[in-house]
Amino acid sequence: MSRRVLDLSGRRAVVTGGSRGVGRATALLLARAGARVGIGYRSRSEAALQVVRRMHELNSAGFALAGDLTREADVEALFDRADDAFGGVDLVVGNHGIWPSADIPLAQMTLEHWQRTLKVNLESLFLVCREAARRVADGGAIVVVSSTAAQRGETFHGDYAASKGGLNSLVKGLAVELAPRGITVNAVAPGWIETDMTEEVLSGPGRTKALESIPLGRIATPEDVAGPIAFLCSDLARHVTGEVMNVNGGAVRPG
Ligand code: NAP
(Lines give C-alpha, C1' and ligand atoms only; values in the text may rest on other atoms or scores of the structure.)
Protein backbone atom coordinates (compact mmCIF):
# COMPACT_ATOMS: atom_id res chain seq x y z
CA MET A 1 0.00 0.00 0.00
CA SER A 2 1.27 3.48 -0.86
CA ARG A 3 2.38 5.62 2.09
CA ARG A 4 2.20 8.79 0.03
CA VAL A 5 -0.35 11.31 1.28
CA LEU A 6 -0.55 12.92 -2.15
CA ASP A 7 -0.93 9.82 -4.26
CA LEU A 8 -1.74 10.13 -7.96
CA SER A 9 -0.85 6.59 -8.96
CA GLY A 10 -3.11 5.34 -11.72
CA ARG A 11 -4.05 8.88 -12.73
CA ARG A 12 -3.54 10.01 -16.34
CA ALA A 13 -2.61 13.64 -16.80
CA VAL A 14 -2.21 16.22 -19.55
CA VAL A 15 -0.21 19.36 -18.76
CA THR A 16 -0.08 22.14 -21.34
CA GLY A 17 3.02 24.31 -21.54
CA GLY A 18 4.93 21.45 -19.92
CA SER A 19 8.31 22.06 -21.53
CA ARG A 20 9.36 24.89 -19.23
CA GLY A 21 8.59 26.87 -16.10
CA VAL A 22 5.46 26.08 -14.11
CA GLY A 23 4.29 23.39 -16.56
CA ARG A 24 7.59 21.53 -16.34
CA ALA A 25 7.61 21.63 -12.53
CA THR A 26 3.99 20.48 -12.47
CA ALA A 27 4.54 17.60 -14.89
CA LEU A 28 7.48 16.35 -12.83
CA LEU A 29 5.61 16.68 -9.53
CA LEU A 30 2.57 14.81 -10.87
CA ALA A 31 4.94 12.12 -12.16
CA ARG A 32 6.67 11.91 -8.76
CA ALA A 33 3.23 11.43 -7.20
CA GLY A 34 2.69 8.46 -9.51
CA ALA A 35 0.70 9.89 -12.43
CA ARG A 36 1.41 9.25 -16.08
CA VAL A 37 1.82 12.63 -17.73
CA GLY A 38 1.63 13.89 -21.31
CA ILE A 39 2.86 17.39 -21.93
CA GLY A 40 1.92 19.81 -24.67
CA TYR A 41 4.34 22.52 -25.78
CA ARG A 42 4.64 24.89 -28.72
CA SER A 43 8.08 24.40 -30.29
CA ARG A 44 10.97 23.81 -27.86
CA SER A 45 11.41 20.09 -28.47
CA GLU A 46 14.71 19.63 -26.64
CA ALA A 47 13.29 21.12 -23.43
CA ALA A 48 10.16 18.97 -23.75
CA LEU A 49 12.13 15.76 -24.37
CA GLN A 50 14.25 16.50 -21.34
CA VAL A 51 11.06 16.59 -19.23
CA VAL A 52 9.97 13.23 -20.68
CA ARG A 53 13.40 11.73 -19.91
CA ARG A 54 13.16 13.01 -16.34
CA MET A 55 9.67 11.51 -15.99
CA HIS A 56 11.01 8.16 -17.12
CA GLU A 57 13.75 8.40 -14.48
CA LEU A 58 10.91 8.83 -11.99
CA ASN A 59 9.43 5.57 -13.32
CA SER A 60 6.52 7.42 -14.87
CA ALA A 61 5.45 6.87 -18.47
CA GLY A 62 5.08 10.15 -20.30
CA PHE A 63 5.03 11.81 -23.68
CA ALA A 64 5.49 15.25 -25.19
CA LEU A 65 3.59 16.59 -28.18
CA ALA A 66 4.33 19.82 -30.02
CA GLY A 67 1.42 21.92 -31.20
CA ASP A 68 -0.03 25.39 -31.25
CA LEU A 69 -2.85 25.13 -28.72
CA THR A 70 -4.60 28.15 -30.20
CA ARG A 71 -5.58 25.69 -32.95
CA GLU A 72 -8.53 23.34 -32.37
CA ALA A 73 -6.89 20.50 -34.26
CA ASP A 74 -3.73 20.69 -32.14
CA VAL A 75 -5.74 20.62 -28.90
CA GLU A 76 -7.65 17.57 -30.13
CA ALA A 77 -4.38 15.91 -31.17
CA LEU A 78 -2.96 16.33 -27.65
CA PHE A 79 -5.97 14.61 -26.09
CA ASP A 80 -5.97 11.93 -28.81
CA ARG A 81 -2.37 11.20 -27.92
CA ALA A 82 -3.29 10.85 -24.24
CA ASP A 83 -6.07 8.44 -25.22
CA ASP A 84 -3.63 6.37 -27.28
CA ALA A 85 -0.87 6.40 -24.67
CA PHE A 86 -2.89 6.10 -21.46
CA GLY A 87 -6.39 4.99 -22.50
CA GLY A 88 -7.93 8.28 -21.32
CA VAL A 89 -7.31 11.26 -19.11
CA ASP A 90 -8.19 12.08 -15.48
CA LEU A 91 -6.27 15.29 -14.84
CA VAL A 92 -5.82 18.33 -17.08
CA VAL A 93 -3.60 21.26 -16.21
CA GLY A 94 -4.17 24.17 -18.61
CA ASN A 95 -1.00 26.11 -17.95
CA HIS A 96 0.40 27.47 -21.20
CA GLY A 97 0.32 31.20 -21.72
CA ILE A 98 2.19 34.34 -22.69
CA TRP A 99 2.96 37.60 -20.92
CA PRO A 100 4.10 40.28 -23.37
CA SER A 101 6.68 42.01 -21.17
CA ALA A 102 6.62 45.52 -22.65
CA ASP A 103 4.65 48.11 -20.67
CA ILE A 104 1.90 49.38 -23.01
CA PRO A 105 -0.65 51.98 -21.86
CA LEU A 106 -4.11 50.93 -23.00
CA ALA A 107 -4.41 54.13 -25.04
CA GLN A 108 -1.48 52.92 -27.16
CA MET A 109 -2.33 49.21 -27.31
CA THR A 110 -3.00 47.87 -30.80
CA LEU A 111 -5.94 45.61 -31.48
CA GLU A 112 -3.48 43.04 -32.82
CA HIS A 113 -1.55 42.99 -29.53
CA TRP A 114 -4.79 42.65 -27.51
CA GLN A 115 -6.11 39.88 -29.74
CA ARG A 116 -2.86 37.87 -29.64
CA THR A 117 -2.81 37.79 -25.82
CA LEU A 118 -6.49 36.92 -25.58
CA LYS A 119 -6.07 34.22 -28.21
CA VAL A 120 -3.25 32.40 -26.40
CA ASN A 121 -4.33 32.98 -22.79
CA LEU A 122 -8.12 32.75 -23.03
CA GLU A 123 -9.42 31.42 -26.36
CA SER A 124 -6.86 28.63 -26.33
CA LEU A 125 -7.73 27.74 -22.73
CA PHE A 126 -11.38 27.63 -23.78
CA LEU A 127 -10.36 25.00 -26.34
CA VAL A 128 -8.39 23.04 -23.72
CA CYS A 129 -11.19 23.25 -21.14
CA ARG A 130 -13.79 22.27 -23.75
CA GLU A 131 -11.79 19.20 -24.73
CA ALA A 132 -11.21 18.41 -21.06
CA ALA A 133 -14.96 18.67 -20.37
CA ARG A 134 -15.55 16.17 -23.17
CA ARG A 135 -12.85 13.70 -22.25
CA VAL A 136 -11.86 13.83 -18.57
CA ALA A 137 -13.13 10.75 -16.77
CA ASP A 138 -15.70 11.15 -14.02
CA GLY A 139 -13.98 11.96 -10.73
CA GLY A 140 -11.17 13.81 -12.50
CA ALA A 141 -9.81 17.32 -12.08
CA ILE A 142 -9.11 20.35 -14.24
CA VAL A 143 -6.76 23.10 -13.06
CA VAL A 144 -5.93 26.20 -15.06
CA VAL A 145 -3.12 28.63 -14.38
CA SER A 146 -4.43 32.16 -14.06
CA SER A 147 -2.64 35.10 -12.43
CA THR A 148 -3.00 37.47 -9.51
CA ALA A 149 -3.31 40.09 -12.27
CA ALA A 150 -6.84 38.85 -12.91
CA GLN A 151 -8.07 40.08 -9.54
CA ARG A 152 -5.97 43.16 -8.92
CA GLY A 153 -5.45 44.32 -12.51
CA GLU A 154 -2.05 44.96 -14.06
CA THR A 155 -1.07 48.46 -15.02
CA PHE A 156 0.20 48.70 -18.64
CA HIS A 157 -0.71 45.02 -19.18
CA GLY A 158 -4.49 45.32 -19.54
CA ASP A 159 -4.52 42.58 -22.18
CA TYR A 160 -2.90 40.05 -19.86
CA ALA A 161 -5.03 40.90 -16.80
CA ALA A 162 -8.23 40.71 -18.86
CA SER A 163 -7.25 37.37 -20.37
CA LYS A 164 -6.68 35.87 -16.93
CA GLY A 165 -9.86 37.46 -15.55
CA GLY A 166 -11.78 35.68 -18.29
CA LEU A 167 -10.13 32.44 -17.27
CA ASN A 168 -11.26 32.85 -13.65
CA SER A 169 -14.84 33.33 -14.83
CA LEU A 170 -14.62 30.32 -17.13
CA VAL A 171 -13.53 28.12 -14.24
CA LYS A 172 -16.41 29.11 -12.00
CA GLY A 173 -19.11 28.22 -14.52
CA LEU A 174 -17.43 25.03 -15.71
CA ALA A 175 -17.04 23.84 -12.11
CA VAL A 176 -20.81 23.81 -11.69
CA GLU A 177 -21.36 22.20 -15.11
CA LEU A 178 -19.02 19.31 -14.31
CA ALA A 179 -19.87 18.88 -10.63
CA PRO A 180 -22.51 16.18 -11.30
CA ARG A 181 -19.70 14.04 -12.75
CA GLY A 182 -17.46 14.58 -9.71
CA ILE A 183 -14.96 16.57 -11.77
CA THR A 184 -13.42 19.54 -9.95
CA VAL A 185 -12.41 22.68 -11.83
CA ASN A 186 -10.13 25.24 -10.19
CA ALA A 187 -7.55 27.89 -10.97
CA VAL A 188 -4.29 28.79 -9.32
CA ALA A 189 -3.37 32.46 -9.51
CA PRO A 190 0.37 32.98 -9.12
CA GLY A 191 2.16 36.26 -8.64
CA TRP A 192 5.76 36.72 -9.79
CA ILE A 193 7.53 33.45 -10.64
CA GLU A 194 11.14 32.91 -11.64
CA THR A 195 10.73 31.58 -15.23
CA ASP A 196 11.73 32.46 -18.78
CA MET A 197 8.55 34.55 -19.00
CA THR A 198 9.73 37.04 -16.40
CA GLU A 199 13.50 36.81 -16.87
CA GLU A 200 13.80 40.13 -18.67
CA VAL A 201 12.03 42.03 -15.89
CA LEU A 202 13.39 40.13 -12.91
CA SER A 203 17.00 40.37 -14.09
CA GLY A 204 16.73 44.18 -14.13
CA PRO A 205 15.54 46.97 -11.83
CA GLY A 206 12.00 45.50 -11.90
CA ARG A 207 13.14 42.82 -9.46
CA THR A 208 13.26 45.21 -6.49
CA LYS A 209 9.75 46.50 -7.22
CA ALA A 210 8.46 42.93 -7.57
CA LEU A 211 10.05 41.88 -4.28
CA GLU A 212 8.60 44.90 -2.48
CA SER A 213 5.11 43.76 -3.47
CA ILE A 214 5.51 40.30 -1.90
CA PRO A 215 5.04 40.07 1.89
CA LEU A 216 6.82 36.70 2.03
CA GLY A 217 9.81 38.48 0.55
CA ARG A 218 10.83 36.27 -2.33
CA ILE A 219 9.90 35.51 -5.91
CA ALA A 220 8.18 32.14 -6.34
CA THR A 221 9.93 29.18 -7.93
CA PRO A 222 7.97 27.08 -10.45
CA GLU A 223 7.86 24.37 -7.78
CA ASP A 224 6.07 26.78 -5.39
CA VAL A 225 3.22 26.88 -7.90
CA ALA A 226 3.34 23.21 -8.90
CA GLY A 227 2.59 22.13 -5.31
CA PRO A 228 -0.84 23.79 -5.08
CA ILE A 229 -1.66 22.55 -8.60
CA ALA A 230 -0.83 18.97 -7.57
CA PHE A 231 -2.92 19.41 -4.42
CA LEU A 232 -5.91 20.54 -6.52
CA CYS A 233 -5.39 17.49 -8.76
CA SER A 234 -5.44 15.16 -5.77
CA ASP A 235 -8.15 13.58 -3.65
CA LEU A 236 -7.03 15.86 -0.82
CA ALA A 237 -8.92 18.62 -2.68
CA ARG A 238 -11.89 16.54 -3.77
CA HIS A 239 -14.38 18.97 -2.14
CA VAL A 240 -12.77 22.08 -3.63
CA THR A 241 -14.21 23.34 -6.90
CA GLY A 242 -14.78 26.68 -8.65
CA GLU A 243 -11.97 28.24 -6.62
CA VAL A 244 -9.18 30.61 -7.57
CA MET A 245 -6.24 29.89 -5.28
CA ASN A 246 -3.70 32.68 -4.93
CA VAL A 247 -0.10 31.50 -4.89
CA ASN A 248 1.69 34.80 -4.58
CA GLY A 249 3.43 35.12 -1.23
CA GLY A 250 0.62 37.33 0.08
CA ALA A 251 0.83 40.01 -2.62
CA VAL A 252 -2.50 41.80 -2.65
CA ARG A 253 -1.82 45.39 -3.73
CA PRO A 254 -2.66 46.55 -7.27
CA GLY A 255 0.17 45.57 -9.65
P1 NAP B 1 7.04 29.98 -19.71
O2 NAP B 1 8.22 29.58 -18.89
O3 NAP B 1 7.17 31.15 -20.63
O4 NAP B 1 6.56 28.71 -20.53
C5 NAP B 1 5.44 28.83 -21.38
C6 NAP B 1 5.00 27.45 -21.82
O7 NAP B 1 3.82 27.58 -22.62
C8 NAP B 1 6.03 26.74 -22.69
O9 NAP B 1 5.93 25.35 -22.43
C10 NAP B 1 5.56 27.06 -24.11
O11 NAP B 1 6.02 26.09 -25.07
C12 NAP B 1 4.04 26.97 -23.91
N13 NAP B 1 3.24 27.70 -24.89
C14 NAP B 1 3.18 29.06 -25.08
N15 NAP B 1 2.33 29.34 -26.08
C16 NAP B 1 1.83 28.17 -26.53
C17 NAP B 1 0.91 27.79 -27.55
N18 NAP B 1 0.33 28.71 -28.35
N19 NAP B 1 0.65 26.48 -27.73
C20 NAP B 1 1.23 25.54 -26.94
N21 NAP B 1 2.10 25.83 -25.96
C22 NAP B 1 2.40 27.13 -25.77
O23 NAP B 1 5.77 30.29 -18.78
P24 NAP B 1 5.57 30.23 -17.18
O25 NAP B 1 6.19 31.43 -16.58
O26 NAP B 1 5.91 28.88 -16.69
O27 NAP B 1 3.99 30.47 -17.10
C28 NAP B 1 3.07 29.40 -17.00
C29 NAP B 1 1.70 29.98 -16.73
O30 NAP B 1 1.76 30.73 -15.51
C31 NAP B 1 1.19 30.94 -17.79
O32 NAP B 1 -0.18 30.75 -18.00
C33 NAP B 1 1.42 32.31 -17.18
O34 NAP B 1 0.56 33.29 -17.69
C35 NAP B 1 1.17 32.01 -15.72
N36 NAP B 1 1.81 32.96 -14.82
C37 NAP B 1 3.16 33.16 -14.85
C38 NAP B 1 3.73 34.06 -13.97
C39 NAP B 1 5.21 34.32 -13.95
O40 NAP B 1 5.65 35.23 -13.19
N41 NAP B 1 6.02 33.58 -14.70
C42 NAP B 1 2.92 34.78 -13.07
C43 NAP B 1 1.55 34.54 -13.06
C44 NAP B 1 1.00 33.62 -13.93
P45 NAP B 1 7.56 26.23 -25.71
O46 NAP B 1 8.52 25.87 -24.60
O47 NAP B 1 7.59 25.23 -26.81
O48 NAP B 1 7.71 27.65 -26.15
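Predicted model: local features only at pLDDT ≥ 70, side-chain atom pairs only at ≥ 80, totals over all residues.
Local features need pLDDT of at least 70 and side-chain atom pairs count only at pLDDT 80 or more, while totals for chains, interfaces and linings use all residues. Residues are numbered from 1 along each chain as its sequence is written, and side-chain values use heavy atoms, with hydrogens and water left out.

**Exercise 1: cysteines**

Find out how many disulfides the whole structure has, and whether cysteine 129 is buried or exposed.

Solution. 
- Start with the rule: a disulfide is a pair of cysteine sulfur atoms within 2.5 Å.
- Searching the whole structure with that rule turns up zero disulfides.
- Take cysteine 129: its nearest cysteine sulfur belongs to cysteine 233 and is 13 Å away.
- Now for accessibility, where buried means under 20% relative accessible area, exposed over 50%, and partly exposed in between (1.4 Å probe, protein chains only).
- Cysteine 129 has 4%, so it is buried.
- Cysteine 233 is buried too, at 2%.

**Exercise 2: a salt bridge across the chain**

Work out which parts of the chain are linked by the pair aspartate 90 and arginine 12.

Solution. 
- General idea first: side chains of opposite charge can pair when their charged atoms come close.
- A salt bridge here is a side-chain nitrogen of Lys or Arg within 4 Å of a carboxyl oxygen of Asp or Glu.
- Strands (E, at least two residues) and helices (H or I, at least four) are DSSP runs, numbered from the N terminus.
- Check accessibility: aspartate 90 is buried at 6%, and arginine 12 is buried at 18%.

**Exercise 3: one helical turn**

Explain why arginine 54 and glutamate 57 are separated by about one helical turn, then look at glutamate 131 and arginine 134.

Solution. 
- Arginine 54 and glutamate 57 form a salt bridge, their closest N and O atoms being 2.8 Å apart.
- They are three residues apart in helix α2 (residues 45–57), so about one helical turn separates them.
- Arginine 54 is partly exposed at 33%, whereas glutamate 57 is exposed at 56%.
- Glutamate 131 and arginine 134 also form a salt bridge, at 3.5 Å between the closest N and O atoms.
- Glutamate 131 is buried at 6%, but arginine 134 is exposed at 53%.
- Finally, salt bridges with shared partners join Asp80, Asp83, Glu131, Arg134 and Arg135 into one network.
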